[in-house]
Amino acid sequence: MGLLDSLGGILGGGQQQSNDPKAMLIAAAVPLLLKALQGGGAGAGQGAGGGLLSAFEGAGLGSVVQSWIGNGQNQAISPDQVQQALGGGHLQELATAAGISPTEAAGHLSEILPGLVDKLTPNGQPAAAGGLDLGGLLGGLLGGNKQA
């Protein structure tokens, strides 16, 4: 639970971004994505995290997800593709965690998922939860969100 505690500290530490829906989506998505990535990659299919990335593969977006994991340029994803891939379950869960509608969540996720997955997989490998610079991760994704 160290990762979740760290995210809670970053988001709840009186910082301005604590009410930012993107920050809340990141806080909700990181644990799910780490489960998927450390469970054997996008096709792991294990638990909620495996389902999150495998949902994109099931929607025909596997090459898009692999671009985020790999070392090349991150392919973009549209809010409609996020809605199609995540359907009601995962999208509703993430939207509820951020306190926004699923449509808003899909829009924000389309902006942050490529960079988030990219940062969680340096050199194409899942980052160790203890080795993540969560402050830098949030700052990079919320302030500028430049993608390679």
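**Exercise 1. Determine in which helix S110 is placed, and whether S110 counts as buried or exposed.**

Solution. The place of S110 is in helix α7. The model examined here, in this and the following exercises, is a predicted one. The next step is accessibility: buried means under 20% relative accessible area. S110 has a relative accessibility of 11% and therefore counts as buried. The final step concerns its surroundings. With residues up to four places away in sequence not counted, S110 touches I77, S78, P79 and V82.

**Exercise 2. Describe the secondary structure of the protein chain and the share of its residues that are buried.**

Solution. The protein chain has eight helices and zero strands. Read from the N terminus on, the order of elements is accordingly α-α-α-α-α-α-α-α. Of the 148 residues in the protein chain, 44% are buried. A further step considers contacts with a separation of 6 or more: residues 24 or more positions apart account for 63% of these.

**Exercise 3. Identify the residues that form the salt bridge, and state which helices the pair links.**

Solution. The structure holds one salt bridge. In general, side chains of opposite charge can pair when their charged atoms come close. Here the partners are K22 and E111, whose side chains meet at 2.4 Å, N to O. To locate the partners, K22 is assigned to helix α2 (residues 21-38) and E111 to helix α7 (residues 102-120). The pair thus links distant parts of the chain, 89 residues apart. As for accessibility, E111 counts as partly exposed because its value is 35%.

**Exercise 4. Classify the aromatic pair of the structure from the distance of its ring centres and the angle of its planes.**

Solution. The structure holds one aromatic pair. The ring centres of F56 and W68 lie 5.9 Å apart, and the planes stand at 70°. Planes over 60 degrees apart count as edge-to-face, so the pair is edge-to-face.

**Exercise 5. Characterise the surroundings of L33.**

Solution. L33 is found in helix α2. Its relative accessibility is 0%, so L33 counts as buried. Leaving aside neighbours within four places in sequence, L33 is in contact with L52, L53, L113, L116, V117 and L120. One of these, L52, is 19 residues from L33 along the chain, and the C-alpha atoms of the two are separated by 7.0 Å.

**Exercise 6. Derive the relative orientation of α6 and α7, and describe the residues of their contact.**

Solution. Helix α6 (residues 89-98) and α7 pack at an angle of about 95°, and their axes are 9 Å apart. Angles of 65 to 115 degrees count as roughly perpendicular; α6 and α7 are therefore roughly perpendicular to each other. On the side of α6, L91, Q92, L94 and A95 take part, and they meet P102, A105, A106 and L109 in α7. The residues of this contact divide into seven nonpolar, one polar and no charged.

How values were computed:
Residues numbered from 1 in each chain as written. Predicted model: local features only at pLDDT ≥ 70, side-chain atom pairs only at ≥ 80, totals over all residues. Heavy atoms only, no water. Salt bridge = Lys/Arg side-chain N within 4 Å of Asp/Glu carboxyl O. Helix = DSSP H or I, 4+ residues; strand = E, 2+ residues; numbered from the N terminus. Buried < 20%, exposed > 50% of the residue type's maximum accessible area, 1.4 Å probe, protein only. Phe/Tyr/Trp six-rings, centres within 6.5 Å; stacked < 30°, edge-to-face > 60°. Contact = heavy atoms within 4.5 Å. Axes fitted to C-alpha atoms, helices over the stretch in contact; angles between N-to-C directions. Parallel < 35°, antiparallel > 145°, perpendicular 65-115°, else oblique. Nonpolar A, V, L, I, M, F, W, Y, C, P; charged D, E, K, R; others polar.
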